[in-house]
Amino acid sequence: MKYIMFEDFSGAAVPVIFPSRINFDEMREQMPYTTALSAGYITLTAEGVRCHGQSKSLQLEAGPRDAAIIQTKFEDAES
């Protein structure tokens, strides 16, 4: 799976997770948020979420806090 971390209208980080068959730039074009913060690949492991890699087309890479942000979103659906 791939992901792009966006900044929403309130300044909060919002991950969008999507299938690997969709290109990063194609997904980016569909999103209303103006700022993409990071992008890469997501893997679920026994320890939790792991973010790695990069999007060459967006010139972004996985951020050091991305896995924690995504894990929090999975654990708290209201976040």
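Author: Start with Lys-56, which sits in the loop between β5 (54-55) and β6 (60-61). The model is predicted, so local features need pLDDT of at least 70 and side-chain atom pairs count only at pLDDT 80 or more, while totals for chains, interfaces and linings use all residues. Residues are numbered from 1 along each chain as its sequence is written, and side-chain values use heavy atoms, with hydrogens and water left out. The elements named here are DSSP runs numbered from the N terminus: helices are H or I of at least four residues, and strands are E of at least two.

Lys-56 counts as exposed because its relative accessibility is 69%. The classes are buried for under 20% relative accessible area, exposed for over 50%, and partly exposed in between, with a 1.4 Å probe and protein chains only. Phe-24 is 32 residues away from Lys-56 along the chain, and their C-alpha atoms are separated by 8.6 Å. The loop between β5 and β6 also holds Gln-59. Gln-59 has a relative accessible area of 73% and is therefore exposed. The phi angle of Gln-59 is near 55°, a positive value in a residue other than glycine.

Cys-51 gives a contrast. This residue lies in strand β4, and its relative accessibility of 17% is why it counts as buried. Leaving aside residues up to four places away in sequence, Cys-51 touches Tyr-3, Tyr-41, Ala-62, Asp-66, Ala-67 and Ile-70; a contact here means heavy atoms within 4.5 Å. Ser-10, by comparison, is 41 residues from Cys-51 along the chain, and the two C-alpha atoms are separated by 24 Å.

Strand β4 (residues 48-52) pairs with β3 over 5 bridges in the antiparallel sense; two strands pair if DSSP finds at least two bridges between them. A hairpin of 2 residues leads from β3 to β4. Within this pairing, Thr-43 has Arg-50 of β4 as its bridge partner.

Strand β3 (residues 35-45) is also joined to strand β1 (residues 2-7), by 6 bridges, and these two strands run antiparallel. Lys-2 is partnered with Tyr-41 of β3, and Glu-7 with Thr-35 of β3. Strand β1 pairs with β2 (residues 13-18) as well, again antiparallel and with 6 bridges. Because 5 of its 6 residues are buried, β1 is largely enclosed by the rest of the structure. In a regular strand the side chains alternate between the two faces of the sheet.

The helix α1 (residues 24-30) contains Gln-30. Gln-30 counts as exposed because its relative accessibility is 59%. Gln-30 and Tyr-3 are 27 residues apart in sequence, and their C-alpha atoms are 13 Å apart in space.

Now the whole chain. The protein has 2 helices and 6 strands, in the order β-β-α-β-β-β-β-α from the N terminus on. A compact globule of 79 residues would have a radius of gyration near 12 Å, and the protein has 12 Å, which agrees. That radius is taken over C-alpha atoms, and the globule rule is 2.2 Å times the number of residues to the power 0.38. The C-alpha trace spans about 30 × 25 × 20 Å along its principal axes.

Of the 79 residues, 37% are buried. Among contacts between residues at least 6 apart in sequence, 43% join residues at least 24 apart. The accessible surface comes to about 5,100 Å², with 49% of it belonging to carbon and sulfur atoms; areas come from the Shrake-Rupley method with a 1.4 Å probe, and for residues only the protein chains shown count as cover.

Last, the charges. The mean positions of the 7 positive and 11 negative charges are 6 Å apart. Lys and Arg count as positive and Asp and Glu as negative, while His and the chain ends are not counted. The place of a charge is taken as NZ of Lys, CZ of Arg, CG of Asp or CD of Glu.
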